[in-house]
Amino acid sequence: MSQPLATSRIPFTNSYVGLPDRFFARVSPTPVRGPRLVRLNHELALDLGLDPDWLSSPQGVDVLAGKHVPEGAEPIAAAYAGHQFGNFVPQLGDGRAILLGEVLDRDGRRRDIQLKGSGPTPFSRRGDGRAALGPVLREYIVSEAMAALGIPTTRALAAVMTGEPVMRETMLPGAVFARVASSHVRVGTFQFFAVRRDVEGLRALADYVIARHYPAAGETERPYRSLLDSVIAAQAVLVARWLLVGFIHGVMNTDNMSIAGETIDYGPCAFMDAYDPGTVFSSIDEQGRYAYANQPRIALWNLTRLAETLIPLLSNDENDAVADAEEALNAFAPRFEAAYHAGLRRKLGLTGAYEQDLLLANDLLKTMAENRADFTLTFRNLAAAAAGEGDVPVRALFIDPTAFDAWADRWRQRLAEQPDGAAGAADRIRAVNPVFIPRNHRIEAVIRAATDRDDFGPFEELLSVLARPFEDQPAMARYTEAPEPDERVLATFCGT
Ligand code: AMP
Ligand code: MG
């Protein structure tokens, strides 16, 4: 592991390059013509111990655009494999992303700094290694919104325009996204070594991940089993949190699932407006494999693929190893359910836990689905209903408002049984139910303004609203609204 360079502008201390050569390809970003900073995340830069003023200077922007490789960086593209929509691809890898290196943040945590859209790598296949401005803005907005909601996620350090067009269905402005992650190790990284029967590579990867993400697993008698347990637990909680805010990842391929348990690789992702468990946005997800309510099942499917890769490490006896993996996987459902059910109770402002709570929550969701009620606003507006400020705002979200009334009677009875009655419920509801989410029609409007008119005002405004998702911001009330029929966005595109 190299020492941080005190003199360097970015004090890199890189560890992934210390892994064997077959884990990655050394490759530098391809310089671009006219870098122009769209936005730097000042707070995140400070968290990383970086100087925001330097990062937004011409030299800093050259680094963020991949035009200049800074001192201490050891740029690489990582190798990985993955199941894409269920089909196994033995070699994927960073085809349009380059890891510059790692830094230790102010809390001493190791964070990757990666440039996405920084030019071709040996893993690009037919792709150009570039990114269009639209998907970069989408990832910036949604990942920062997730962070503000308290959900584990990669972060947006910067977006930079390259001054070069990229060819998609049409010519679009090109951009580079500077992303920060706990690491970029994926389920697909394990699959890369497993499919090659490279047990030594697998062991080196597992040891690396344990040291970096799950040090407690390293202290147990069976570190690889503990590693598997830890990843399963992290993903179970993560997916529960997605469901609780109405988030749909859109491409939960195994190469898009982080071993560290962060939301990663935002592509055709979206938050749903009206509650419908079958909601799909991604234009390429024709079967609804990654539909909203399917996400827990798919997470378990992906984790099963991870468990399979670990078989050679779990035991010398294959039968024992398989039984071990199955036991670990069996913990997913109860873990997920515990997190999801506790979250639903919190969303309803309930304290304590009764068996009927789940029925109460599910009946609300069912009524919401039947009445096309907005997911975010229904829960948020329960606060006013609990506070005795009126049921009008929440009722109005239901096609048949009386359907809400029948449910609300039962809910109020349940609240009345709590020590603080309904009084404390309103604050609890507001604390966990956001009023602002990155609604898809708003993101599309931001992308259109930036791409068609070079206007980044809407981008800045949306980001500032989403930075405080639980606070009523009366001047920004229009951002709470669901799309009008003509604003509704039905499909999102990878379009990268
Ligand atoms: P994704 O589903 O967007 O995470 O990407 C899946 C795979 O395709 C990864 O290996 C990416 O690196 C690669 N890829 C996607 N877009 C491009 C591109 N424009 N150029 C090169 N590789 C790409
Ligand atoms: Mg990906």
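This report describes selected strands, helices, loops and a metal site of one predicted model.

## Basis of the description

In this predicted model, local features need pLDDT of at least 70 and side-chain atom pairs count only at pLDDT 80 or more, while totals for chains, interfaces and linings use all residues. Residues are numbered from 1 along each chain as its sequence is written, chains are lettered from A and ligands numbered from 1 in the order in which they are written, and side-chain values use heavy atoms, with hydrogens and water left out.

Helices (H or I, at least four residues) and strands (E, at least two) are DSSP runs, numbered from the N terminus. A residue is called buried under 20% relative accessible area, exposed over 50%, and partly exposed in between, with a 1.4 Å probe and protein chains only.

Strand 7 (residues 110–116) runs antiparallel to strand 6, and seven bridges join the two; strands are taken to pair if DSSP finds at least two bridges between them. Within this pairing, Glu102 has Asp112 of strand 7 as its bridge partner, and Leu99 has Gln114. The two strands form a hairpin with five residues between them, and Gly108 in the turn has a positive phi of about 80 degrees.

In strand 7, seven of the seven residues are buried, so strand 7 is also largely enclosed by the rest of the structure. Both of its faces are covered: one side carries Arg110, Asp112, Gln114 and Lys116, the other Arg111, Ile113 and Leu115, and all are buried. Strand 7 also pairs with strand 10 (residues 171–181) through five bridges, and these two strands run antiparallel. In that pairing, Lys116 stands opposite Phe177 of strand 10.

## The magnesium site

The magnesium ion, ligand 2, has Asn256 (OD1) and Asp265 (OD) as its protein donors, at 2.0 to 2.1 Å. Donors are N, O and S atoms within 2.8 Å of the metal (3.2 Å for Na, K and Ca); water is not among the atoms, so sites may look incomplete. Asn256 and Asp265 are both buried.

## The loop between strands 11 and 12

Thr254 lies in the loop between strand 11 (247–248) and strand 12 (270–271). With a relative accessibility of 0%, Thr254 counts as buried. Not counting residues up to four places away in sequence, Thr254 touches Gly82, His83, Arg186, Val187, Gly188, Gln191, Trp301, Asn302 and Arg305; contact means heavy atoms within 4.5 Å.

Ser258 is found in the loop between strand 11 and strand 12 and is buried, with a relative accessible area of 1%. Leaving aside neighbours within four places in sequence, Ser258 is in contact with Val185, Arg186, Gln235 and Ile264. Thr170 is 88 residues from Ser258 in sequence, and their C-alpha atoms are 32 Å apart in space.

Helix 10 (residues 318–330) and helix 11 (residues 332–347) pack at an angle of about 15 degrees, with their axes 5 Å apart. Axes are lines fitted to C-alpha atoms, for helices over the stretch in contact, and angles run from 0 to 180 degrees between N-to-C directions. Helix 10 and helix 11 are therefore roughly parallel to each other; angles under 35 degrees count as roughly parallel, over 145 as roughly antiparallel, 65 to 115 as roughly perpendicular and the rest as oblique. Ala328, Leu329 and Asn330 of helix 10 meet Phe332, Ala333 and Pro334 of helix 11.

Pro223 belongs to helix 8 (residues 223–245) and is partly exposed, with a relative accessible area of 24%. Apart from residues up to four places away in sequence, Pro223 touches Ile210, Ala217 and Gly218. The C-alpha atoms of Pro223 and Ile210 are separated by 7.8 Å, with the two residues 13 apart along the chain.

## Two arginines with positive phi

Most residues other than glycine have a negative phi. Arg125, however, has a positive phi near 50 degrees. Arg125 is found in the loop between strand 7 and strand 8 (131–132) and is exposed, with a relative accessible area of 56%.

Arg372 also has a positive phi, of about 50 degrees, although it is not a glycine. This residue, Arg372, lies in the loop between helix 12 (356–370) and helix 13 (375–386). Arg372 is partly exposed, with a relative accessible area of 45%.
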